[in-house]
Amino acid sequence: MPGSLPLNAEASWPKDVGIVALEIYFPSQYVDQAELEKYDGVDAGKYTIGLGQARMGFCTDREDINSLCMTVVQNLMERNGLSYDCIGRLEVGTETIIDKSKSVKTNLMQLFEESGNTDVEGIDTTNACYGGTAAVFNALLIGPNAPLIFERGLRGTHMQHAYDFYKPDMLSEYPVVDGRLSIQCYLSALDRCYSVYRKKIRAQWQKEGNDRDFTLNDFSFMIFHSPYCKLVQKSLARMMLNDFLNDQNRDKNSIYGGLEAFGDVKLEDTYFDRDVEKAFMKASSDLFNQKTKASLLVSNQNGNMYTSSVYGSLASVLAQYSPQQLAGKRIGVFSYGSGLAATLYSLKSRLDSRTCVAPAAFSESMKLREDTHHLGNYIPQSSIDSLFEGTWYLVRVDEKHRRTYARRPSPNANTLNEGVGLVHSSTATEHIPSPAKKVPRLPGTAAEPEAAVISNGEH
C-alpha cells in the first residue's frame, strides 16, 4: 500500500493520485434536536450544545444501504458526465450488513447492466466507521491527475483489538457500546496516528533540508471522523496537547501561554482529565474556528454518518471554500473505526480557477425501523413523496429476501450540473416536528410515481 512505501520508492507512484469528485446523499427527513430534548425530558442544550448537534437525519423503511449506494453512485455518474463502461474499479465502504454473504457492491452492478460492463474490480470493505477510508485506500492506485492529491508516504495508522463499539447481534440494528472505552480508544488512536504522521513528514522534510517539527499550524484544515460535533472540537484540542508536549521550546511559544502547569502530564493519563480538556479547548479555540469548524456543516445537520462521516466533513469544507481559497492547502484527515482501526493522512489541493469539483461525499445514515430491516415478504409502507428527486428506494422484499428497487424521477443532467450538485426537491423537505423514540410509520402514498425498476431476482 502507498502508505507503507519507503520514500525512495515514490518514483513508482502515479502522478497526482487523489480525489476528482465527491457526491453526498443524506435523508430528506430529520429530527430537530432542540425538540428531541423536550420530548426526551432532558436539560435544554444536552444535544444541541453537549453534542453540538442541530438536527439528525433518518431514513424510513423505503431506504436501505443498497438504495443509498445506488442513489449516490448514479448521481455521481450523471453529475460528472461519466459512462458506466469507463469504470474499472468500484469500492464500497460500509458497516451496514443486509446479507452476510452477498456484497453491497454486487447490488450496485445493477446500474452497469445497460452498459454491458461487468469488468469492474473492488468489493465491500468493513470495519465500523473505518470501512470508507479503507475503500478509498484500496482504490488509490487508480485515477491520476486528481485535483485533491494524497500526499505520498504520509499516513499514520494505528490498529488494535478493542470492544469499544461492535454489532454482534445480526438480528439487531443496534450496537453494543462502551462509551467511556470508545472515547479513550478514539483519542489514543489520534495520539498514535498523529505521532507516526509527524515522524514521517519530519523525515521527508529533513531530506529536503528542512529540520523542524510538524505542528497543527502546518495544516490549513484539519477534519475528523465525527460521531458527534463536540468530540471533534476536543480532538483538535488533543492534537494541540500533543504539539505542546512535543515542543522542546514551548516556554517561549506564546500560543501555549497559561498552559505551563500541564508540562509534565502523560498523554495516557489525560483522556478524561477535565482540567486538561478545558484548558486546551480554550487555547485551541482560534485554531478550531480557522481549521475545523467549517468541516462540521454536514455532521451538525445530519448526525453521525458512520463510514462516510469524515468525507462528509471534507465535503463541508469543499462546499464553503472556493477553488482559489483551497489551492495549495494541506488538509489533514483523521479517520477512525471502532474495534479499532484509524489513520491520519493528508490531502493537498491543486484546485485552480479552471478546475470545478462537485463537493460532497457518500452518506451511510442508517436510521431504519428495527422491526422491518430483515423481514421477508415485506412491502414498505412509507410514502416516497418526501424523497429527494433521483433517489433510489425499496419497492419490496420477497419471500426469499430478494430486494427490488426503483428510482424516483430525477431532474435532467443540465440541472444536476448546476451549483454545488446536491439533489433538491420542493416536496422533499418535510420536517417531522414531534419525534418519537421509534421512527413513526409514515402514511403510504396512493400511487407510485413513474420510475425505472431494478430487481435482485425474478418477480
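Which backbone oxygen does the side chain of arginine 62 reach? The answer is that of serine 382, at 2.8 Å.

Good morning. This is a predicted model, in which local features need pLDDT of at least 70 and side-chain atom pairs count only at pLDDT 80 or more, while totals for chains, interfaces and linings use all residues. Residues are numbered from 1 along each chain as its sequence is written, and side-chain values use heavy atoms, with hydrogens and water left out.

Let me stay with arginine 62. This residue sits in the loop between strand 3 (55-58) and helix 2 (65-79); helices (H or I, at least four residues) and strands (E, at least two) are DSSP runs numbered from the N terminus. Arginine 62 counts as buried because its relative accessibility is 4%, the cut-off being under 20% relative accessible area with a 1.4 Å probe, protein chains only. Its C-alpha atom is separated by 9.3 Å from that of tyrosine 405, 343 residues apart along the chain.

Five strands form an open sheet in the order 1-6-11-10-9, with mixed pairing; two strands pair if DSSP finds at least two bridges between them. Strand 1 (18-19) and strand 9 stand at the edges with a single partner strand each, so one side of each has no neighbour in the sheet. Strand 9 pairs with strand 10 in the parallel sense, over four bridges. Phenylalanine 224 stands opposite phenylalanine 334 in strand 10.

Key:
Buried < 20%, exposed > 50% of the residue type's maximum accessible area, 1.4 Å probe, protein only. Polar contact = N/O pair within 3.5 Å; in protein donor to acceptor, adjacent residues only side chain to side chain.
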